[in-house]
Amino acid sequence: MKIIITKDYKEMSRVGAKLIAEQILKKLNSVLILPTGNTPVGTYKELSNFYKKKKLSFRNTTTFNLDEYLGISRKSPFSYYRFMQDNFFTQIDILAENINIPNCEAVSPEEECKSYDYLIDKKQIDLALLGIGQNGHIGFNEPGTDPMSKTHIVELSRETIAVNQGPHKAITMGISTILSAKKIVLLASGKNKAQTIKEAIEEEVSRNCPASYLQSHRDVILVLDKDAASLLDKKVIENLEYHNVF
Ligand code: GLP
């Protein structure tokens, strides 16, 4: 695991965007996993600016979103489809046919899981960009999720419903798919993520904290602002390949 500690959210977003841009410049037809939430908004803004300044093109990039709520319309303010359109996809030159998001309006969510896995299994994921939930979830893989899981339906935990103030049911890419990415970049910002980040990195791998599964992956970069990193043990930081960018 590598760790990059940045001074604030803005710096975290810049570093996140730089890592994505490097990946795309290295391989134009990169396949990315993308998250939603407040955390990646700044990164999406930076990437859109790279596109506007003609430094980067997404024409050959394919994306798979991590998760989506179920039983809502795509127009709903909760829809991650809408979130991605508003915060990223309408600002860049990605082709509509290269965007993959589970369908929140699916008549058969079980069939939707199967077809999402079918699409993912045809590709090799180059980079997974992740956020982290306060209870350690990645995507909507809540505490207790099997590390071998593929795309599945989730009854969200009380904690997640309270934090997100959203619907109770979702569809998420599984842990095994996330871990199949060649590279993983996890972004976290703010004091409310500090305890979760500490558990994910310093404690043993456990189903209780799905983000701890990342410890078993050979190419993970954690991009944290100093608040999210504030509870980390200095010795742990020394043992990770550490970069301070401020
Ligand atoms: C949701 C998403 C996660 C995301 C998490 C954190 O639960 N399903 O993929 O990582 O929110 O959100 P935020 O970045 O707003 O803290």
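Visitor: Is strand 1 largely enclosed or open, and how many of its 5 residues are buried?
Guide: In this predicted model, burial is counted for residues under 20% relative accessible area. Strand 1 is largely enclosed by the rest of the structure, because the buried residues among its 5 number 4.

Visitor: Which residues touch the most other members of the largest nonpolar core?
Guide: This core holds 35 residues. Elements that contribute two or more residues to it include strand 1, strand 6, strand 9 and strand 10. The residues that touch the most other members are Leu130, Leu186 and Leu224.

Visitor: Which residues does Leu186 touch, leaving aside those up to four places away in sequence?
Guide: Contact here requires heavy atoms within 4.5 Å. By that criterion, Leu186 touches Leu130, Gly131, Ile132, Ile138, Ile197, Leu214, Ile221, Leu222 and Val223.

Visitor: How many residues does the second, separate core have?
Guide: Among the members of this second core are Met12, Ile99, Leu129 and Val223. Its size is 29 residues.

Visitor: What is the strand order of the open sheet of 3 strands?
Guide: Strand 4 (67-69) and strand 7 (152-155) are the edge strands, each pairing on one side only. Strand 4 pairs with strand 8 (residues 169-172) in the antiparallel sense over 3 bridges, and Asp67 has Thr172 as its bridge partner in strand 8. The order is 4-8-7.

Visitor: Which helix packs on this sheet, and what angle does its direction make with that of strand 7?
Guide: The packing element touches both strand 7 and strand 8. It is helix 4 (residues 109-121), and the angle with the direction of strand 7 is about 130°.

Visitor: Which residues are the closest to the ligand?
Guide: The ligand is surrounded by 13 residues. Asp67, the residue whose bridge partner in strand 8 is Thr172, is one of the closest. The closest residues are Asn38, Thr39, Asp67, His137 and Lys193.

Visitor: What distance separates a polar side-chain atom of Thr39 from an oxygen atom of the ligand?
Guide: A polar contact requires N or O atoms within 3.5 Å. A side-chain N or O atom of Lys193 lies 2.6 Å from a ligand oxygen atom, and a polar backbone atom of Gly139 is 3.3 Å from a ligand nitrogen atom. For the side chain of Thr39, the distance to a ligand oxygen atom is 2.4 Å.

Methods. Residues numbered from 1 in each chain as written. Predicted model: local features only at pLDDT ≥ 70, side-chain atom pairs only at ≥ 80, totals over all residues. Heavy atoms only, no water. Pairing = 2+ DSSP bridges. Axes fitted to C-alpha atoms, helices over the stretch in contact; angles between N-to-C directions. Core = buried A, V, L, I, M, F, W, Y, C linked by side-chain atoms within 4.5 Å. Buried < 20%, exposed > 50% of the residue type's maximum accessible area, 1.4 Å probe, protein only. Near = heavy atom within 4 Å. Polar contact = N/O pair within 3.5 Å; in protein donor to acceptor, adjacent residues only side chain to side chain.
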